[in-house]
Amino acid sequence: MPTDRGFTLLEVMVAFIILALAAATLYQGGAGGVAASAASVKYLEALSLARSHLAEIGRGAAIAEQEQTFTEGDGFTYRIRIRPAGRRHLTLSDNDRADNVQAATAILFDIEVTESWKTGLGTRAIKLATRRFNVRTAEGG
């Protein structure tokens, strides 16, 4: 009476294929997690840079219509786009008037800052938009 000892070659091959598929699935899941983590770091960095550029607009200088693109470190490029959205003449009371200022105009600007960077899948971008007023005065004589 023959006794079976061990596995047949077919059983070993099936077990090896199952093990290989499981290992490939685990590897793919781990690699996907690492890629997602790297992408989220880039998005957070781009968001921080875009907020910084947006905060600079109107500090120390009057807001003016413009569209410019700049390159900065770590492969990021940002574009600033400022367009007037509306304009309104202001009537100043005696209390509001400074020396020689007779009239003022409030201008509402649409402001967009787009931060972009290249990845293996193409170009990614994040856009922040806001509106800001700028008041311009007319001096009288």
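Just after helix α1, glycine 58 takes a positive phi of about 90°. The model is a predicted one, in which local features need pLDDT of at least 70 and side-chain atom pairs count only at pLDDT 80 or more, while totals for chains, interfaces and linings use all residues. Residues are numbered from 1 along each chain as its sequence is written, and side-chain values use heavy atoms, with hydrogens and water left out.

**Overall architecture**
- The protein chain has 1 helix and 4 strands, where helices (H or I, at least four residues) and strands (E, at least two) are DSSP runs numbered from the N terminus.
- Along the sequence, these elements follow the pattern α-β-β-β-β.
- Of the 141 residues in the protein chain, 20% are buried; buried means under 20% relative accessible area, exposed over 50%, and partly exposed in between (1.4 Å probe, protein chains only).
- The protein chain exposes about 10500 Å², of which carbon and sulfur atoms supply 57%; accessible areas come from the Shrake-Rupley method with a 1.4 Å probe, and for residues only the protein chains shown count as cover.
- Among contacts (heavy atoms within 4.5 Å) between residues at least 6 apart in sequence, 57% join residues at least 24 apart.

**Helix α1**
- Helix α1 has 48 residues and spans 71 Å from its first C-alpha to its last, close to the 70 Å expected at 1.5 Å a residue; the expected span is 1.5 Å times one less than the number of residues.
- Ala46, Ala50, His53 and Leu54 are buried in α1.
- Leucine 19 also belongs to helix α1, which covers residues 9–56, and this leucine 19 counts as exposed because its relative accessibility is 57%.
- Phe16, Ile17, Leu19 and Leu21 make a nonpolar surface patch of about 470 Å².
- Patches are made of residues with over 30% relative accessible area and no salt bridge, with like charges joined within 9 Å and nonpolar side chains (Val, Leu, Ile, Met, Phe, Trp, Tyr) within 5 Å; a salt bridge is a side-chain nitrogen of Lys or Arg within 4 Å of a carboxyl oxygen of Asp or Glu.

**Aromatic rings**
- There are 3 aromatic pairs, counted when rings of Phe, Tyr and Trp (its six-membered ring) have centres within 6.5 Å; planes under 30 degrees apart are stacked, over 60 edge-to-face and the rest tilted.
- The pair of phenylalanine 76 and tryptophan 117 is tilted, because the ring centres lie 5.7 Å apart and the planes stand at 55°.
- This pair links distant parts of the chain, with phenylalanine 76 in strand β2 (residues 76–90) and tryptophan 117 in strand β3 (residues 101–119), 41 residues apart.
- Both phenylalanine 76 and tryptophan 117 are buried.
- Tyr43, Phe76 and Trp117 form one aromatic cluster.
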